[in-house]
Amino acid sequence: VESVIVAIDGPSGTGKSSTSKAVASALGLSYLDTGAQYRAITWWMITNGIDVADPDAIASASGKPVIESGTDPSAPTITVDGLDASGPIRAQDVTSKVSAVSAVPEVRTRITELQRSIAKAAEKGIVVEGRDIGTTVLPDADLKIFLTASPEARAARRSGEIKGSDLTTTREALIKRDAADSSRKTSPLAKADDAVEVDTTDLTLPQVIECVVTLVEEKR
Ligand code: C5P
């Protein structure tokens, strides 16, 4: 079976991670969560006392943390300087600061290089999920998917994931983060011209997975 590169982009709460992992597992491909890498660098900045409101400070420190991603879709891992960061990168504090850190061009250059080298090393192919994979990181991907869903559906899915969270607060935080990610100068969240758009508002997760698996199979 030929190696295949799949780019899955879209805003938060569209089912990107669940879909990407399931598609990679079903097809025997590697998996990369690029949001986890931006969260990891953000966590390092916070932990090391870097002012995340200061783009120059972020830019100067951007080369320091060593970030490594494990690409097994059934057990993806992320480490920062050798430490498991999979728990801390999901903290509310990281979620609220990640857009500011990921907007800094030096951060994007560094993380983009890392993503390209991981994709290149994946011999059987890979599913890479993020915001700018189809537009910037892997413009030659064999298949590009852009997942969307109504803000209500996205907020409901996210607040189902976060214990004790309230729907209105989740919805507002999510809209704010997507607006920041879509409006930044460097490599914003955007649909590539040649991406297939899948609106997941009225689809179940198994339906979305089946749709994407079918699209990948048509490509290889
Ligand atoms: O996907 P997730 O919600 O974990 O992504 C966290 C954040 O990382 C996004 O809100 C965005 O600021 C940043 N990100 C990015 N480019 C990507 C993936 C994520 O800027 N390719």
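Modeller: Helices here are DSSP runs of H or I with at least four residues, and strands are E runs of at least two, numbered from the N terminus. This is a predicted model: local features need pLDDT of at least 70, side-chain atom pairs count only at 80 or more, and totals for chains, interfaces and linings use all residues. Residues are numbered from 1 along each chain as its sequence is written.

Biologist: Which helix gives the most to the shell around the ligand?

Modeller: H2, with four residues. H2, H4 and H8 (167–183) each supply at least two.

Biologist: Which residues around the ligand come nearest?

Modeller: Gly35, Tyr38, Ser102, Gly130 and Arg131, out of 14. A residue is near if its C-beta atom, placed from the backbone, lies within 6 Å.

Biologist: Why is H2 called oblique to H5?

Modeller: H2 (residues 34–47) and H5 (residues 105–121) pack at about 135 degrees, with axes 11 Å apart. Under 35 is roughly parallel, over 145 roughly antiparallel, 65 to 115 roughly perpendicular, and the rest oblique. So H2 is oblique to H5. Thr34, Gln37, Tyr38 and Ile41 of H2 make the contact with Val107, Ile111, Leu114 and Gln115 of H5. Contact requires C-beta atoms, placed from the backbone, within 7 Å.

Biologist: What makes H2 roughly perpendicular to H4?

Modeller: The axes of H2 and H4 (residues 92–102) cross at roughly 100 degrees and come within 9 Å. That angle makes H2 roughly perpendicular to H4. Residues of H2 that meet H4 include Tyr38, Trp43 and Ile46; among those of H4 are Asp93, Lys97 and Ser102.

Key. Axes fitted to C-alpha atoms, helices over the stretch in contact; angles between N-to-C directions. Contact = placed C-beta atoms within 7 Å.
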